[in-house]
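Thanks for coming, everyone. I'll keep this quick. Have a look at the structure first, and then we'll walk through it.

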Amino acid sequence: MKKTSANGSPPNYDCTKCPAYCCAIYERVQVTKRDINRLAKHFGVPYETALVRYTRMYGDERVLRRRADPVLQQACMFLHPKTRRCRIYDARPQACREYPDADRCVYYDMLEFERVQQDDSKVLPLVQITFRDET
Ligand code: SF4
Ligand code: SF4
């Protein structure tokens, strides 16, 4: 959840008005050893404890664990179910720090588009992304 764009100007999206799609629709939020070390320090636990408690394997990648989410069905285990904010913002992985790495967020654009289309400022489109290997 980046708050300024790459060129330092205000981004064209507002995370405070979004249910945090980016923390929910991706099954994989990849974590590195550095990310796990940061989590371990944040929670005051050994590296191995953080590894097991907060991450899991997805194929050959290590990723953050997920859990049921009342709004978007499944989400990162660190997304607060009510406030829709990251509960470990200062200790979040590098992948989260870099997202979306652009002036725009496609999910925010979609949210705004649908609210205008439906003439309903509270409508919440549900989004799912499925990746398919076509090689
Ligand atoms: S999906 Fe986009 S607008 Fe919503 S929280 Fe993530 S970065 Fe912010
Ligand atoms: S660690 Fe925080 S910013 Fe990253 S996916 Fe989880 S809730 Fe979102």
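Which residues of the largest nonpolar core touch the most other members? Before I answer, one caution: this is a predicted model.

Now the core. The largest nonpolar core has 21 residues. Those that touch the most other members are Ala20, Tyr21, Cys23, Ala24, Ala75, Cys76 and Leu79. As general background, nonpolar side chains in soluble globular proteins tend to be buried together.

Let's take some core members one by one. Start with Leu79. Leu79 sits in the loop between β4 and α3. Is Leu79 buried or exposed? Leu79 is buried, because 24 C-beta neighbours lie inside 10 Å. Set aside the neighbours within four places in sequence, and Leu79 contacts Ala20, Cys23, Ala24, Asp69, Arg84 and Cys86. For scale, Leu79 and Met57 are 22 residues apart in sequence, and their C-alpha atoms are 19 Å apart in space.

Next, Ala20. Ala20 lies in the segment before α1. Ala20 counts as buried, because it has 21 C-beta neighbours inside 10 Å. Its backbone deserves a look. Phi of Ala20 is near 75°, a positive value in a residue other than glycine.

Then Tyr21. Leaving out neighbours within four places in sequence, Tyr21 is in contact with Leu72, Tyr107 and Val127.

Back to backbone geometry. Most residues other than glycine have a negative phi, and most peptide bonds are trans. Arg84 has a positive phi, near 65°, and is not glycine. Arg84 is in the loop between β4 and α3. Arg84 is also buried, since 21 other C-beta atoms lie within 10 Å. And the peptide bonds? Tyr99 and Pro100 are joined by a cis peptide bond, with omega about 0°. Pro100 is in the loop between α3 (94–98) and α4.

On to the ligands. Which residues come nearest to ligand 2? They are Cys23, Cys76, Leu79, Cys86 and Cys96, out of 12 residues around ligand 2. By class, the ligand 2 shell has 11 nonpolar residues, one charged residue and no polar ones.

Ligand 1 is surrounded by 12 residues. The closest are Cys15, Cys18, Cys22, Cys105 and Tyr108. The ligand 1 shell has 12 nonpolar residues, no polar and no charged.

Now a helix pair. Two packed helices are described by the angle between their axes and the distance between the axes. Helix α1 covers residues 33–43, and helix α2 covers residues 47–54. How do their axes cross? They come within 8 Å and cross at roughly 100°. So α1 and α2 are roughly perpendicular to each other. From α1, the contact uses Ile36, Asn37, Leu39, Ala40 and Phe43. From α2, Tyr47, Ala50, Leu51 and Tyr54 meet them. By class, that contact has eight nonpolar residues, one polar and no charged.

Arg67 is in strand β3 (residues 66–69). Arg67 counts as exposed, because it has 11 C-beta neighbours inside 10 Å. Arg67 and Ala50 are 17 residues apart in sequence and 16 Å apart in space, C-alpha to C-alpha.

That's the tour. Over to you for questions.

Definitions and conventions. Residues are numbered from 1 along each chain as its sequence is written. Chains are lettered from A and ligands numbered from 1 in the order in which they are written. This is a predicted model: local features need pLDDT of at least 70, side-chain atom pairs count only at pLDDT 80 or more; totals for chains, interfaces and linings use all residues. A residue is near a molecule or strand if its C-beta atom, placed from the backbone, lies within 6 Å of it. Ala, Val, Leu, Ile, Met, Phe, Trp, Tyr, Cys and Pro count as nonpolar, Asp, Glu, Lys and Arg as charged, and the others, Gly among them, as polar. Axes are lines fitted to C-alpha atoms, for helices over the stretch in contact, and angles run from 0 to 180 degrees between N-to-C directions. Helices (H or I, at least four residues) and strands (E, at least two) are DSSP runs, numbered from the N terminus. Angles under 35 degrees count as roughly parallel, over 145 as roughly antiparallel, 65 to 115 as roughly perpendicular and the rest as oblique. Two residues are in contact if their C-beta atoms, placed from the backbone, lie within 7 Å. A nonpolar core is a set of buried Ala, Val, Leu, Ile, Met, Phe, Trp, Tyr and Cys residues joined through C-beta atoms within 7 Å. A residue is buried if 20 or more other C-beta atoms lie within 10 Å of its own, exposed if 12 or fewer, and partly exposed in between; C-beta atoms are placed from the backbone.
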